[in-house]
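Let us take a walk through this structure together, one stop at a time. Please keep the sequence and the 3D view open as you read.

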Amino acid sequence: MAGRRRKNKIVSVRRKRPINIDLVFFGAVAVYICVICYMAMSSEHIAGYEVNAGSLSVNHTYTGLALREEKVYNAGTSGYVSYYAREGERVSGSSLIYTIDEKGEINALIQQNADNVDLTDENFSVIRSSIRSYMNEIDDLEFAKVYDFKVSLEGAVMDLMNQNMLESLEDAGEDTMFSRIYAENIGILEYYTDGFEEITVDSVTEDMLDPSGYEKQNLKKELIQAGEQVYKLSVSEKWSLLVPLTEEEAAGFQQEERKFMEVEFTRDHTRAWADFSIKYVGAIPCAKLDFNNSMVRFADLRYVEVEFLVKDEMGLKIPNTSIVEKDFYLVPKKFLVEKEDEKGFMKEVYDENGQAEAEFVNMTLYYADEENYYIDPKESDFSTGKEKIPMGTFLVEPDSQERCQVGMSHTLQGVYNINKGYTQFRQINILYQNEEFALVEEGTSYGLTVYDRIVLNGEAVDEDEVIYR
């Protein structure tokens, strides 16, 4: 029998695929990156800021209410008016201010003759000199001065015309219906009123400090009635300026005990010294500036813009976004206990038998005034997590056994210092502040020093929060 051929049965066995280490590693890295990105996007970014010394650019330009000794004069008769003296001119009893023609006939004759004035070479020399002086001082950025020059030049021409007008009066002969009016006092002449002529420093109200609704009444008319106001005089070189301030500015000047102030008038960039004091108008603190000169240059203005020439104070410059407020317990200074390098207080506790005893508690001091130390209500013991001195705790004075109960609190302004990698509140004393930065006092106890690192956005953190840089 032929031998049978054995069939070999082949069984396939599934082999396990080896683990791809590279794939697992990169997958883990990808998951880690996703988690980090999510945490970075979902958590608020804590940025730091390095404290530097410097000064704060403070705007010391203000607009003040000018108060002068002013007298308004009325017309004695009705008629047509011709003016002879220009505004801003110093006049006296011999100065012709205006004439009144009750019929108008002589006035028309004067005006007709005035139109035919022949100016001499000397007259033209005066006018050319005025124009030359203006051209040497002109500034393209101060176009408003063109109008001041125009008024000044018109006044100079009027002075020349007055000579011819006065001759015309003599040629017209005597007329009982024609009157010459001379200045009734010595002073600076103006042809406007605004209702402030009788106002004194003591009678100023809050609304008067606001120039937005201010209006002038022009007194110059062709025809005037008896009893109507016709001109006014500023009769004294002494005048005052009331400048509204903020409470912080007023407090700063009072702290300096300032008695005098040098100012620069922005109208003509001249400088002057004034007696300085703080006066309240209603609830508004104002700088009261008393001058003995310069009035003549501003007799036509009721609101005068000045710059206080004060030296900007030096200090530590920090951003306003870093500033926070925090509540603290107040503990009388006499209860402080010092043990080696630690400072704290003796807290009253009770043993198992209910007997009272004193236990030393190490505390961080954040600030000190004349009477009290400031401590954080939430300062905790790291081992137990409990507040060290809860509200209502009694503290004991070691020497006298006098007790005080913790509870009285006060709010301080400060920033969070991150020099040690976690947030620590530091009290600040703000000297000046603008929209972006504050200038704080340097060298205060429990305060900041140059090159300290603080949290830029102070509201985003709490005390003892770890900051990862």
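This is a predicted model: local features need pLDDT of at least 70, side-chain atom pairs count only at pLDDT 80 or more; totals for chains, interfaces and linings use all residues.

Lys-288 is buried, with a relative accessible area of 17%, where buried means under 20% relative accessible area, exposed means over 50%, and partly exposed lies in between (1.4 Å probe, protein chains only). The side chain of Lys-288 meets that of Asp-290 in a salt bridge, at 2.6 Å from N to O. The term salt bridge stands for a side-chain nitrogen of Lys or Arg within 4 Å of a carboxyl oxygen of Asp or Glu. Some of these contacts share partners, and in this way Arg-68, Glu-70, Asp-194, Glu-197, Lys-232 and Arg-302 are joined into one network.

Residues are numbered from 1 along each chain as its sequence is written, and side-chain values use heavy atoms, with hydrogens and water left out.

Now look for Arg-267, which forms a salt bridge with Asp-300, the closest N and O atoms being 2.7 Å apart. This pair links distant parts of the chain, 33 residues apart: Arg-267 sits in the loop between strands S13 (260-265) and S14 (271-281), and Asp-300 in the loop between S15 (284-291) and S16 (303-308). Helices (H or I, at least four residues) and strands (E, at least two) are DSSP runs, numbered from the N terminus.

Another salt bridge joins Lys-221 and Glu-228, with 3.3 Å between the closest N and O atoms. Lys-221 is partly exposed, at a relative accessible area of 33%, and Glu-228 is partly exposed too, at 26%.

Next, follow strand S20 (residues 342-350) and its neighbours. Two strands pair if DSSP finds at least two bridges between them. With strand S19 (residues 337-339), S20 pairs in the antiparallel sense over three bridges, and Lys-339 stands opposite Glu-342. These two strands form a hairpin with two residues between them, and Glu-340 in the turn has a positive phi of about 55°. S20 also pairs with S21 (residues 356-362), antiparallel over seven bridges, with Gly-344 opposite Asn-362. In that hairpin five residues lie between the strands, and Gly-354 takes a positive phi near 80°. S20 has a further antiparallel partner in S24 (residues 394-396), over two bridges; there, Val-396 is the bridge partner of Met-346.

How much space lies in the second largest pocket? The volume is about 560 Å³. A pocket here is an open set of points on a 1 Å grid over the protein atoms alone, where a 1.4 Å probe fits, with protein on both sides within 12 Å along at least five of seven lines; lining residues have an atom within 4 Å of a point. Of the 18 lining residues, Glu-248, Gly-252, Ile-430, Leu-431 and Tyr-432 are the closest to the centre of this pocket. Helix H5 (247-256) and strand S28 (430-433) each supply at least two lining residues, and H5 gives the largest share, seven.

Definitions and conventions
Grid points are joined across faces, edges and corners, and a volume is the space filled by probe spheres set on the points.
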